[in-house]
Amino acid sequence: MSVSQLGRSSLSKMSILLTGGSGKTAPRVAALLAADKKPFLLGSRQGPGVGPNGHPTVKFDMSDESTWTKPFETTQIKAVYMMEPRISEPWVPMNKFVDLAKKQGVSRFVLCAGTSATLGKDGMGRVWEHLIESGVDYCVLRPSWFMENMIEPGLAFTIGKLGKIFTAAQDGMIPFISADDIAEAAYHALTDEKSYNCDLRILGPENLTYDQIAETLSKVLGRKIEHVKQDEAGRIDGLVHAGLSDYFARFLTRLELLASQDFEKGTSDAVERVTGHPPKSFEKFAEENKAAWSSN
């Protein structure tokens, strides 16, 4: 379905805008909305024609203000799912977009932030604060690290071909969460009749070290997977050598160093409270995705 077709068919049915259309969670939220026959638009920097499974897609780039009104040209938007763009001071355009969307009639915002988001602090905490001050209905999702990171090209290669996971996280405990569970929580935050108007820590069912992740992968794959513990300099150098920018290599390493101090460690029943079921275990995730780590 094209955006124009969507607009003609659903002007009387309020739609949901999902930004971050090429990310890990927005397409999953889209699939849930589609299954429930709820109208929506995926916002993507690439524009129409790139949505997964033929989902209706519109050009939208949080860093390009000229694209912000495009979703509103074809349908009436009642709620927006927001992901943090990888730009400096992302809260500046995000807060400006919230103001524009509110004027366009949007009454609910769901922000996918992260564990480190703190109300009023630089980062997604600034957007969180702005949502409260704007008087709109909102929910801030604060997930821990995605299980799906394990099947991204970098880790899929080192696990699949080298049998190793390289990190600077040492013995830090992390409640890894599946993007499926994050998306389902977002779906409910966007569509449940009563808005949550709070933040929710979206965490997996258990705190795991990377040693334990390696043990689970060894069991599932039937071969030895090793967690290689690196210091800060070694980790940055390895990431740069793998093709990351120096800035992003340092950023990821800082996150792992924080994790080594149990910054991510925590427990939460939010997934079960919101979705009605417990979050997916890493062992189940590994069984579902073991083809991604094929050594062939």
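In this predicted model, helix H2 (residues 26-35) packs against helix H6 (residues 179-191) with the two axes 8 Å apart and at an angle of about 55°. Because angles under 35 degrees count as roughly parallel and 65 to 115 as roughly perpendicular, H2 and H6 are described as oblique to each other. Their crossing is right-handed. On the side of H2, the residues in contact are Arg28, Val29, Leu32 and Leu33, and they meet Ala179, Asp180, Ala183, Glu184, Ala186, Tyr187, Leu190 and Thr191 in H6.

A second pair of helices can be read in the same way. The axes of H3 and helix H4 (residues 124-134) come within 9 Å and cross at roughly 25°, and since angles under 35 degrees count as roughly parallel, that is how H3 and H4 are oriented to each other. H3 passes H4 in a right-handed crossing. From H3, the residues Trp91, Met94, Asn95, Val98, Asp99 and Lys102 make the contact, while H4 contributes Met124, Arg126, Val127, His130, Leu131 and Ser134.

The charged side chains come next. Side chains of opposite charge can pair when their charged atoms come close.

Arg126 counts as partly exposed at 31% relative accessibility, whereas Asp122, at 54%, counts as exposed.

Is the salt bridge between Arg235 and Glu256 made by residues that are buried or exposed? The side chains of Arg235 and Glu256 meet with 2.8 Å from N to O, and the pair links distant parts of the chain, with Arg235 in helix H8 (residues 232-241) and Glu256 in helix H9 (residues 246-260), 21 residues apart. Because buried means under 20% relative accessible area, Arg235 counts as buried at 12%, and Glu256 is likewise buried at 7%. Elsewhere, salt bridges that share partners join Arg28, Glu148, Asp180, Lys280 and Glu288 into one network; of these residues, Arg28 in H2 and Asp180 in H6 were already named in the contact between those two helices.

The cysteines remain to be considered. A disulfide is a covalent bond between the sulfur atoms of two cysteines. How many disulfides does the model contain? The count comes to 0 disulfides, and two of the cysteines show the reasoning, for which the cut-off is a pair of sulfur atoms within 2.5 Å. The sulfur of Cys112 has its closest cysteine sulfur in Cys139, 10.0 Å away, which is too far for a bond; Cys112 itself counts as buried, at 3% relative accessibility. For Cys198 the closest cysteine sulfur is also that of Cys139, and the distance of 5.2 Å is again too far for a bond, while Cys198 is partly exposed, with a relative accessible area of 26%.

Key
Residues are numbered from 1 along each chain as its sequence is written. This is a predicted model: local features need pLDDT of at least 70, side-chain atom pairs count only at pLDDT 80 or more; totals for chains, interfaces and linings use all residues. Side-chain values use heavy atoms; hydrogens and water are left out. Buried means under 20% relative accessible area, exposed over 50%, partly exposed in between (1.4 Å probe, protein chains only). A salt bridge is a side-chain nitrogen of Lys or Arg within 4 Å of a carboxyl oxygen of Asp or Glu. Helices (H or I, at least four residues) and strands (E, at least two) are DSSP runs, numbered from the N terminus. Axes are lines fitted to C-alpha atoms, for helices over the stretch in contact, and angles run from 0 to 180 degrees between N-to-C directions. Angles under 35 degrees count as roughly parallel, over 145 as roughly antiparallel, 65 to 115 as roughly perpendicular and the rest as oblique. A crossing is left-handed if the near helix is turned anticlockwise from the far one by less than a right angle, and right-handed if clockwise. Contact means heavy atoms within 4.5 Å.
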